[in-house]
Amino acid sequence: MADRYRGAIYVGVTSDLSARIHQHRTGTGSGFCERYGLHRLVWAERGDDIEDCIAHEKRVKRWRRAWKFALIEKANPDWEDLFDQLAGP
């Protein structure tokens with residue numbers, strides 16, 4: 001989640017992306033997202049095993065900001081909100 005291009009970012013893991021994005025956008029998700037107004041989904045990755053996903057989340061959280069920005073910009077150079085694309089019709 002992000003507030004703008006190269007702004008504040010939040011890394012998290014969920015088993016229900018649509019519900020979690022809704023929580024973040026309505027202020028019932030993380031306090032960090034609410035505090036910094038992070039409503040834009042700029043990157044998402046799917047995994048099959050929740051334990052592997054949690055381990056990956058913890059690794060990414062330890063990364064430098066520049067590495068996180070590079071990860072986002074590889075797939076989404078304009079930092080567009082990807083939620084509607086991923087959620088489908």
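This is a predicted model: local features need pLDDT of at least 70, side-chain atom pairs count only at pLDDT 80 or more; totals for chains, interfaces and linings use all residues.
**Reading side chains, charges and backbone in this model**

Colleague: Got it. Is His-24 buried or exposed?

Modeller: The general idea first: buried means under 20% relative accessible area, exposed over 50%, and partly exposed in between (1.4 Å probe, protein chains only). His-24 has a relative accessible area of 3%, so it counts as buried.

Colleague: Which residues is His-24 in contact with, leaving aside neighbours within four places in sequence?

Modeller: Contact means heavy atoms within 4.5 Å. Here His-24 is in contact with Met-1, Tyr-10, Gly-29, Ser-30, Cys-33, Leu-38 and His-39, once neighbours within four places in sequence are left aside. Take Ser-30 from that list: Ser-30 belongs to the loop between H1 and H2 and is buried at 13% relative accessible area.

Colleague: On to charges. How many salt bridges does the structure hold?

Modeller: A salt bridge is a side-chain nitrogen of Lys or Arg within 4 Å of a carboxyl oxygen of Asp or Glu. By that rule the structure holds four. One of them joins Asp-3 and Arg-4, at 3.8 Å from N to O. Asp-3 is partly exposed at 25% relative accessibility, and Arg-4 is partly exposed at 48%.

Colleague: Which residue forms a salt bridge with Arg-6?

Modeller: That's Glu-73, with the closest N and O atoms 2.7 Å apart.

Colleague: What about Arg-25: which residue forms a salt bridge with it?

Modeller: Arg-25 pairs with Asp-81, the closest N and O atoms being 2.4 Å apart. Distant parts of the chain are linked here too: Arg-25 is in helix H1, Asp-81 is in the loop between H4 and helix H5 (83-87), and they are 56 residues apart. Both side chains are partly exposed, Arg-25 at 31% relative accessibility and Asp-81 at 33%.

Colleague: Which residues form the negative surface patch?

Modeller: Patches are made of residues with over 30% relative accessible area and no salt bridge; like charges are joined within 9 Å, nonpolar side chains (Val, Leu, Ile, Met, Phe, Trp, Tyr) within 5 Å. Accessible areas come from the Shrake-Rupley method with a 1.4 Å probe, and for residues only the protein chains shown count as cover. Asp and Glu count as negative, Lys and Arg as positive, while His and the chain ends are not counted. Each charge is placed at NZ of Lys, CZ of Arg, CG of Asp or CD of Glu. In this model the negative patch is formed by Asp-48, Asp-49, Glu-51 and Asp-52. Asp-49 lies in the loop between helix H2 (31-36) and helix H3 (50-62), and is partly exposed at 35%.

Colleague: And which residues make the nonpolar patch?

Modeller: Val-13, Ile-50 and Ile-54, covering about 210 Å². Val-13 lies in the segment before H1 and is partly exposed at 32%.

Colleague: Last one, the backbone. What phi does Arg-6 have?

Modeller: Most residues other than glycine have a negative phi. Arg-6 has a positive phi of about 55 degrees, although it is not a glycine; Arg-6 is partly exposed at 38% relative accessibility. Trp-79 also has a positive phi of about 55 degrees without being a glycine. Trp-79 is found in the loop between H4 and H5, and with a relative accessible area of 0% it counts as buried.

Notes
Residues are numbered from 1 along each chain as its sequence is written. Side-chain values use heavy atoms; hydrogens and water are left out. Helices (H or I, at least four residues) and strands (E, at least two) are DSSP runs, numbered from the N terminus.
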